[in-house]
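Keep the structure open while you read.

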Amino acid sequence: MDEKLQNTEVHNNKEQHLDEETLFVVSQTFKALSDPTRIRILNLLCADEHSVNDIAEILDLGQSTVSHQLRFLKNLRLVKFRREGTTLYYSKDDDHIMNLLKQAIEHAAHN
């Protein structure tokens, strides 16, 4: 068998057998991207970092709602934070997911 064809078959075979951890992470990532509030937050953080208060004000959301959603996104390592005094500033932590989000937005906007 041609070596290139054999390598392709091995690669395809690996794709068919996802381990449980990978399946869980992928499903949680899509769960994160399935919520309109989280999409709005991620879209905002694509451009620049923001504090919880800034996010709440810009997106017209309650601070507790923003904090809850950021905790969810942080647990998935989609956002990260830095502390400055008593204020936490959040920013994107995964360019792969941000690119996926941008592509989905472009796809939805495409006529």
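The model is predicted. Two packed helices are described by the angle between their axes and the distance between the axes.

| Helix pair | Angle between axes | Distance between axes |
|---|---|---|
| α3 (residues 36-47) and α4 (residues 52-59) | about 115 degrees | 11 Å |
| α3 and α5 (residues 63-75) | about 80 degrees | 10 Å |
| α3 and α6 (residues 95-109) | roughly 110 degrees | within 10 Å |

**α3 with α4**

Start with α4. Its axis lies at about 115 degrees to that of α3. That makes α3 roughly perpendicular to α4. Their crossing is right-handed. Which residues of α3 and α4 meet? From α3 come Arg 40, Ile 41, Leu 44 and Leu 45. From α4 come Ile 55, Ile 58 and Leu 59. By class, the contact of α3 with α4 holds six nonpolar residues and one charged residue, with no polar ones.

**α3 with α5**

Next comes α5. The axes of α3 and α5 are 10 Å apart, at an angle of about 80 degrees. An angle of 65 to 115 degrees counts as roughly perpendicular, so α3 and α5 are roughly perpendicular to each other. On the α3 side, the contact uses Thr 37, Arg 38, Ile 41, Leu 42 and Leu 45. On the α5 side, it uses Thr 65, Val 66, Gln 69, Leu 70, Phe 72 and Leu 73. How many residues of each class does the contact of α3 with α5 have? Seven are nonpolar, three are polar and one is charged.

**α3 with α6**

Now turn to α6. Its axis crosses that of α3 at roughly 110 degrees. Therefore α3 and α6 are roughly perpendicular to each other. The crossing of α3 and α6 is left-handed. In α3, the residues involved are Ile 39, Leu 42, Asn 43 and Cys 46. They meet Met 98, Leu 101, Lys 102 and Ile 105 in α6. Sorted by class, the contact of α3 with α6 has six nonpolar residues, one polar and one charged.

**The largest pocket**

Finally, look for the largest pocket. Its volume is about 180 Å³. Which residues line the largest pocket? The lining consists of Phe 24, Val 25, Gln 28, Thr 29, Asn 75, Leu 76, Arg 77, Leu 78, Asp 94 and Ile 97. Helix α2 (residues 20-32) gives the largest share of this lining, four residues. By class, the lining of the largest pocket has five nonpolar, three polar and two charged residues.

Note on methods: Residues are numbered from 1 along each chain as its sequence is written. This is a predicted model: local features need pLDDT of at least 70, side-chain atom pairs count only at pLDDT 80 or more; totals for chains, interfaces and linings use all residues. Side-chain values use heavy atoms; hydrogens and water are left out. Axes are lines fitted to C-alpha atoms, for helices over the stretch in contact, and angles run from 0 to 180 degrees between N-to-C directions. Helices (H or I, at least four residues) and strands (E, at least two) are DSSP runs, numbered from the N terminus. Angles under 35 degrees count as roughly parallel, over 145 as roughly antiparallel, 65 to 115 as roughly perpendicular and the rest as oblique. A crossing is left-handed if the near helix is turned anticlockwise from the far one by less than a right angle, and right-handed if clockwise. Contact means heavy atoms within 4.5 Å. Ala, Val, Leu, Ile, Met, Phe, Trp, Tyr, Cys and Pro count as nonpolar, Asp, Glu, Lys and Arg as charged, and the others, Gly among them, as polar. On a 1 Å grid over the protein atoms alone, a cavity is a set of points where a 1.4 Å probe fits but cannot get out, and a pocket is an open set with protein on both sides within 12 Å along at least five of seven lines; lining residues have an atom within 4 Å of a point. Grid points are joined across faces, edges and corners, and a volume is the space filled by probe spheres set on the points.
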